[in-house]
Amino acid sequence: MSAPAVSAGARPSAAERVGARLVRILPPLLVFVAILVIWELLTAGPGRRVIPAPSAIAAAVGTDQALLWRSAQATLVEALGGLAIGTFAGVAIGFATARWATARDVLLPIAIGASTIPLIAIAPIVNNWFGVLNPLSKMMMAALLVFFPIVINVTRGLVQVQPAALELMRSVAASPTEVLVKVRIPNMLPFFFTALKVATTLAFIGAIVGEYFGGTSDVLGRVVLQSMSNGKFAVAWAAILIGAIGAMLTYVVVVLVERVAIPWYTALRGDEA
Amino acid sequence: MSAPPPGDAPFPPGVDVAEADDPTAAADVEARADALATGSDRGAEAVVGRWSSPGGRLLRTALALVAFFAVVAVLWEAFKWLAGDPWRLEGILGTSLSYEHFPPFRVLQATDLQLPHLWSIAEALAAPVQRSQETSLFTYLVGAAAYTLAEALIGFLLGSAIGIALASVFVHSRLAERALLPYVIASQTIPIVALAPIIVVSFGRGLTSVVIISTYLTFFPVTIAMVRGLRSPDPRALELMRSYAASRWAIYRKVRLPASIPYLFTALKIAAAASVVGAIIGEAPGGVKEGLGRALVNFNQQYITGPEKLWGTILVAALAGISFYVVVRIVEVLVLRDRGRQEA
Amino acid sequence: MSGSVAAGAVPAVRVSGVRKAFPVKGGGETVALEEIDLTIERGEFISLIGPSGCGKSTLLRVVGDLVAPSAGSVEVNGKPAARARLDRDYGMVFQAPVLFDWRSVEANVRLPLEIQGVGGSERDARVREMLELVELGGFAKHYPHQLSGGMQQRVAIARALAFQPALLLMDEPFGALDEMTRERLNAEVLRVWARTGTTVIFVTHSIPEAVFLSTRVVVMSARPGRISDVIPIDLPQPRDEETRETDRYYELVTEVREALRAHHGPAAGSVASLERARAEGGIG
């Protein structure tokens, strides 16, 4: 949270910025290439391996295209649907807990408790509640995992406002709505995006755990399990890879939205994802 | 809101701090840093109330958890009272009292099959696991929980050690941080659960696989929080150490490490919960026979005949998670008891 | 708004018989203010000075209707303080700049005007004018974290003036700044005061600052907070850096210092006063 004092006009040139960016992305890029090469060298050659070569995984993506594509779509719908439901519900309840002390008294203990217990244990129940064959059951599992971090962070963001800022708003006779719109909500947004980034991963975890406890077979979680037990390791890896790419892309989208939505904050914090 | 620029001391000596701006403003910025560090869900406690003595802090945690069970129980039975199956209670607690109630609504999720009464679950926990056996379901589940907790503990310790080590390297080497930190972050966007079957096949159906998964879920919050913690000392404190010509190791030991402890514990509480999740995820598809994950899978298959057993397992899993959290919390309060700062 | 009432007739601020007590945990109360009577004429520059826990910040907040008095009344321009606040008669500057990170400098200055409902070109013109006034015209598009502490506080002052408030309330606005910056901003505040004709109440710990700025210095004593002295500052206007080197300036600084000492004694009971001050600060 350090904030360097910058005088007017002292901006880095375009070339400098490109250079700085290169310095930032080059080391991880090199690590990536190195890992890929070493992995290939260690695992290349004939025979089925539990950890297949990257080239073998790529080949599996080609041969089992239809199944993988179908499963990826299904799992993505579950995860994103759950993310949407959980986020929407979490924001709504977060506003309620921030606004009403009674809501806080009831919901905050639940939120604290929920953060200490393994919520995924409830996956089989959620499957039963919303229909084990219905994608909604996986969505609800994802939504459940997403819900609590969103509620807690939205509440904190709305409540933890600098007291002097509230005094300032009072001194200019601002209405409660103005305080909410001009102070509390902007103050909440960084908290919200922090939670949303965590939530993207949780949504995929929720969806896949839900899949493990039963349901249709054309979903990434089942494809992984099935291919593993049939010894089709490359297909399993391909499914995992696709799931990981889906999750990462979702994460990247959230980071980009964050940059557009709260540029003042991303600039303040510096460039960490 | 506006963090003071470095070098501008917020309260120069001699200024009346108490009458100055509210001290919670600083705590606010700190809390936000923590939230960032861990993506976290702590802080709820901070909203609940502030008691600053060690006993008070533990009491607060205990109250919050008791409140958790109380609130869940009340909502649970209220849902059933409104929308469940008819209630027919006879001979309540050995008396001749009876109670009948027909809920005004009907929701599938509130029926006795989908959401048994809490007392039915309690009865199932007290009953034998199988007809032929002596041990009660509860005893069996506590054994399973102990096994899962043991796995989780190993994963927790390994993950924390890896996290602390990684953070220590990152703080001393910008290059290592640049090269590896993106992967540490990316690793968390990969749904580890998808990897679980592969790990189980690679390392066998046993402890090793479960511990690996548990470790994987644990190291991240610790790494990120420790990077922040190790960077948290006042720059002037570091300059002071340099003026003594202190070695990097000495600075690390005497300034960075102590400063990072509150951050570490914030992460450890999250890691405790994550390690239990990791253990259950590792057991469920892997077929480790002893743990809670397996119990979940088994009782899920018996759901139609006895949903209470699955619910009982979930309840014990919740208690296992909470007890791990509570232990970490107690250690935290003890370790930090002499620090004036409020750690939520 | 500021010029709408006939000058001379009504004082800018009239505080009569104000008492403020805060309840203490475990019963009882701490008295932060007792029997405060103070009348401030229009266009005056009043400093409140006193030891920790003397209630000067509380008095400022009572005048600004941020804290309700336990007894007594406050009138601003002949209206009750609450009415004055709703009429947007106040501009407030706190010790911390309290700028919003998500708003650029100009958007921060614009905030009170948005709330007041001033629109369009008038609003933009006012914002530009205020930024010029505090010599930050070139930083309109910057964000708070890009500015130094002194610059941030100047933005806060521009924001407080944006209403063209009848009464400017400043709570140790320069307490966190270094001496050089503080002196420069002192001069700037005097310039702004001269140009706008606003009445100012200024809480400070610094005797030189109080003497340099004020038309009258109100000295307060602690436990309970009372006004112990009111010292008129007859230094000629306009004041500048040379004013600080005149004999009269030194005399007045000495006079204020002695007034403080007379009711204060040696710095004793600092823990108790800190506790009390905490209770006093615990209003947010």
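Here is a tour with something to select at each stop.

**Before you start**

You are looking at a predicted model, in which local features need pLDDT of at least 70, side-chain atom pairs count only at pLDDT 80 or more, and totals for chains, interfaces and linings use all residues. Residues are numbered from 1 along each chain as its sequence is written, while chains are lettered from A and ligands numbered from 1 in the order in which they are written.

**Stop 1: chain A as a whole**

Select chain A and switch to cartoon view. It has 11 helices and 0 strands. Here helices (H or I, at least four residues) and strands (E, at least two) are DSSP runs, numbered from the N terminus. Along the principal axes, the C-alpha atoms of chain A fill a box of roughly 75 × 55 × 30 Å.

How many of the 273 residues of chain A are buried, as a percentage? The share is 48%. A residue is called buried if 20 or more other C-beta atoms, placed from the backbone, lie within 10 Å of its own, exposed if 12 or fewer, and partly exposed in between.

Next, think about contacts, meaning pairs of residues whose C-beta atoms, placed from the backbone, lie within 7 Å. In chain A, 76% of the contacts with a separation of 6 or more join residues 24 or more positions apart.

**Stop 2**

Select α8 of chain A, residues 176–212. A straight helix of 37 residues would span 54 Å at 1.5 Å a residue, yet α8(A) spans only 47 Å between its end C-alpha atoms. The expected span is 1.5 Å times one less than the number of residues.

Where does α8(A) bend? Zoom in on R184(A): the helix bends there by about 35°, and the proline P186(A) follows within four residues. The bend at a residue is the angle between axes fitted to the seven residues ending there and the seven starting there. After the helix comes G214(A), with a positive phi near 110°.

**Stop 3: where chain A touches chain C**

Now show chain C beside chain A. The contact takes 23 residues from chain A and 24 residues from chain C. On the chain A side, α7 (163–171), α8 (176–212) and α11 (263–269) each give two or more residues. The largest share, 7 residues, comes from α7(A). By class, the chain A side has 17 nonpolar, 2 polar and 4 charged residues. Ala, Val, Leu, Ile, Met, Phe, Trp, Tyr, Cys and Pro count as nonpolar, Asp, Glu, Lys and Arg as charged, and the others, Gly among them, as polar.

Stay with chain C for a moment: it has 9 helices and 10 strands, and 51% of its 284 residues count as buried.

**Stop 4: the two domains of chain B**

Select residues 54–115 of chain B for domain 1, then 137–335 for domain 2. These bounds come from an automatic or database domain assignment. Their C-alpha centres lie 33 Å apart. Across the boundary, 6 residues of domain 1 are in contact with 6 residues of domain 2.

Within chain B, pick α8, residues 207–231. Its 25 residues should span 36 Å at 1.5 Å a residue, and the end C-alpha atoms are 36 Å apart, which agrees. Even so, there is a kink of about 25° at F219(B), shortly before the proline P221(B). α8(B) is mostly covered, with 22 of its 25 residues buried.

**Stop 5: the nonpolar cores**

A nonpolar core is a set of buried Ala, Val, Leu, Ile, Met, Phe, Trp, Tyr and Cys residues joined through C-beta atoms within 7 Å. The largest one has 151 residues, and those touching the most other members are A142(A), V146(A), A203(A), V209(A), A239(A), M226(B) and I280(B). Domain 1 and domain 2 of chain B both give residues to this core, so it lies between them. Apart from it lies another core, of 92 residues, including L168(A), M92(C), V109(C) and L213(C).

**Last stop: a loop in chain B**

Finish at L108(B), in the loop between β2 (98–101) and α4 (118–126) of chain B. Is L108(B) buried or partly exposed? It counts as partly exposed because it has 14 C-beta neighbours inside 10 Å. Draw a distance from its C-alpha atom to that of S98(B), 10 residues apart along the chain, and you will get 25 Å.

Definitions and conventions. Two residues are in contact if their C-beta atoms, placed from the backbone, lie within 7 Å.
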